[in-house]
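Biologist: Thanks for sitting down with me over this one. Could you walk me through some of its side chains and loops?

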Amino acid sequence: MAKPPANTSPLDPIVSLCKKRGFVYPASEIYGGINGFWDYGPLGVLLKNNIRDHWWRCMVECPPIGPDGVPLQIVGLDSSIIQNPKTWEASGHVGGFSDPMVDCTESKRRYRADHLFLATAFANDGTEIGTFSTLCEGDEAVDDLIRRAKKASKGKSLDDTAIRAETVLCYVDIARDLQEKVIGPDASKPGTLTKPREFNLMFQTYVGAIQSDDAKAYLRPETAQGIFLNYKNVVDTTRVKMPFGIAQVGKSFRNEVTPRNFIFRSREFEQMELEWFCDPDESGKWYDFWKQARMDWWLSLGVDPDNLIFRDHEDDELSHYSNMTVDIEYKYPFTAPEYGELEGIAHRGCFDLTQHQEHSGAKMEYFDQEKQLRLKDEGASPEEVKEKSRYIPNVIEPASGLTRAVLVVLCEAYTVDPDRPSGVYMKFKPKFAPIKAGIFPLVNKDGMPEKATEIYRELREVMTCEYDPKQSIGKRYARMDEIGAPFCVTVDGDTATDDSVTVRHRDDQSQERVKVAELKAYLLERLAD
């Protein structure tokens with residue numbers, strides 16, 4: 001039977017521009033690439049670093065103002081990618097960090113079972129029959145897949161994800177015969193899907209010369225555990241007091257079954273994570289605080305407020321460590337009109353520190369002297385003072401992907417404009433644009449290249465800019481539109497007489513004359529927003 005033609009992704013134009021202009025390349029492209037890995041080109045690394053530096057500035061160097069009007073205490077950390085493997089046993093990653101995996105014997109592709117549960121199925125006669133579950137044995141396995149499907153569909157009811165309840169119940173009864181009734185996403189005939197099996201997402205490696213179980217280690221699947229391992233070090237070696245935060249930006253690795261949607265889900269990625277340690281009695285207040293603080297940060301990138309929402313996790317989709325979790329979701333081109341995960345703010349309770357205390361023997365309690373004095377002043381009993389002034393902190397974790405932030409900024413910036421020679425421009429907020437200004441001589445004669453070079457050498461001290469003397473001025477403008485430079489500065493025939501240059505604005509293509517002596521201040525003022 002003929003399969004429906006594969007749809008092109010709404011991300012395709014953005015992916016194409018990213019390759020064309022040097023934002024993102026497929027990793028190992030000359031060898032055919034490697035699925036789930038990406039390289040950031042000259043413009044991509046500038047964009048990524050601009051977003052990273054903004055996060056670090058807002059979280060560590062100049063943290064938010066707390067509910068009491070006092071700036072928060074947040075320090076930075078850069079922990080090792082490889083930690084003692086007992087770390088991941090304590091955190092639950094060794095035993096529980098896995099996905100159900102299904103293989104297709106025809107297409108040789110691999111799928112997550114919960115994703116197949118949401119996929120469209122076609123009967124032998126080519127008619128669409130809704131969605132299909134994967135092959136499984138027994139009601140317990142089906143129930144587990146339903147739970148995973150609900151989690152993958154962001155906690156909505158199965159009916160809301162176009163999975164009819166009666167269809168699901170039918171699959172429970174026909175699970176063993178399902179192989180003859182549906183066709184996999186990339187297969188031409190039924191019966192090609194294997195039964196689901198668990199697949200641990202951590203990359204394994206070995207430390208030392210001998211590859212044995214004793215030398216087995218893992219590339220970290222998250223940056224959070226390195227923070228928890230150093231919690232006591234930070235308390236003992238700095239002047240932080242409860243509540244306080246430890247922030248980290250770094251690489252993480254997950255051997256995803258089905259990496260997809262460009263850099264949205266990849267196997268190597270960068271995270272921006274904060275662990276906020278607080279008194280258990282105040283954890284609810286801080287959970288609410290960080291929800292709003294993180295939404296405000298995403299808006300500071302220039303993201304359209306209509307493209308961002310909060311979504312609370314339902315009880316059956318919470319992670320094993322979480323008391324409650326809310327996602328900030330973004331309306332990606334591949335999820336629209338729905339939203340997809342961007343950042344999670346999780347109330348982790350005292351799970352992580354308690355686990356590491358039990359597995360390592362290291363004491364993770366915090367003695368809160370200020371709380372002790374306050375309780376005494378309030379007339380609390382000696383027993384209550386003793387019980388409440390020494391505790392294992394609760395943790396609120398705002399965790400986001402730096403590489404996912406890059407994708408959001410690219411999606412927000414991509415603007416189609418058929419009236420431009422390029423047909424599209426990247427409308428980056430000026431402070432995050434990889435290149436702030438293009439510096440051009442109108443023609444390569446009459447002293448214009450020399451003057452443009454002089455201006456470029458002055459501006460490059462305070463902003464990332466490019467000197468470009470090649471091609472027509474229209475083609476240079478078009479290129480700057482595609483890379484998202486907010487300004488183009490052109491030295492022309494009048495510059496020698498009026499000591500002014502033409503400044504072109506990317507968004508509305510307007511032009512104005514600016515004195516060379518005032519140019520630096522003029523641009524810096526407009527780049528500060």
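Biologist: Over the ring of which residue does the charged end of Arg 420 sit?

Modeller: First, a word on the source: this is a predicted model, where local features need pLDDT of at least 70, side-chain atom pairs count only at pLDDT 80 or more, and totals for chains, interfaces and linings use all residues. Residues are numbered from 1 along each chain as its sequence is written, and side-chain values use heavy atoms, with hydrogens and water left out. A charge sits over a ring if NZ of Lys or CZ of Arg is within 6 Å of the ring centre and within 35 degrees of the ring normal. The charged end of Arg 420 lies 3.7 Å from a ring centre, and that ring belongs to Tyr 425.

Biologist: Which residue lies over the face of Tyr 522?

Modeller: The distance to look for is 3.7 Å from the ring centre of Tyr 522. The residue placed there is Arg 526.

Biologist: Is Pro 421 buried or exposed?

Modeller: Pro 421 is in the loop between β19 (414–416) and β20 (424–426); strands (E, at least two residues) and helices (H or I, at least four) are DSSP runs, numbered from the N terminus. Its C-alpha is 7.8 Å from that of Lys 475, 54 residues apart along the chain. Buried means under 20% relative accessible area, exposed over 50%, and partly exposed in between (1.4 Å probe, protein chains only). With a relative accessible area of 70%, Pro 421 is exposed.

Biologist: How many aromatic pairs are there?

Modeller: Rings of Phe, Tyr and Trp (its six-membered ring) pair if their centres lie within 6.5 Å; planes under 30 degrees apart count as stacked, over 60 as edge-to-face and the rest as tilted. By this rule, the count of aromatic pairs is 20.

Biologist: How many residues apart in sequence are the parts that Phe 37 and Phe 203 tie together?

Modeller: These two rings form a tilted pair, 6.5 Å centre to centre with 50° between the planes. Phe 37 lies in the loop between β1 (24–26) and β2 (38–40) and Phe 203 in the loop between β8 (197–200) and β9 (204–206), so the parts tied together are apart in sequence by 166 residues.

Biologist: What is the relative accessible area of Tyr 332?

Modeller: Tyr 332 forms an edge-to-face pair with Phe 264, at 5.0 Å centre to centre and 75° between the planes. Phe 264 is in the loop between β11 (244–253) and β12 (268–278), and Tyr 332 in the loop between β14 (324–330) and β15 (340–349). Phe 264 is buried at 9%. Tyr 332 is buried too, with a relative accessible area of 0%.

Biologist: Near what omega is the peptide bond from Met 242 to Pro 243?

Modeller: Pro 243 is in the loop between α9 (231–237) and β11. The peptide bond from Met 242 to Pro 243 is cis, with omega near 0°.

Biologist: Where is Asp 499, the residue with a positive phi of about 50°?

Modeller: Asp 499 has that positive phi although it is not a glycine. Asp 499 is partly exposed, with a relative accessible area of 36%. Its place is the loop between α17 (495–498) and β24 (500–505).
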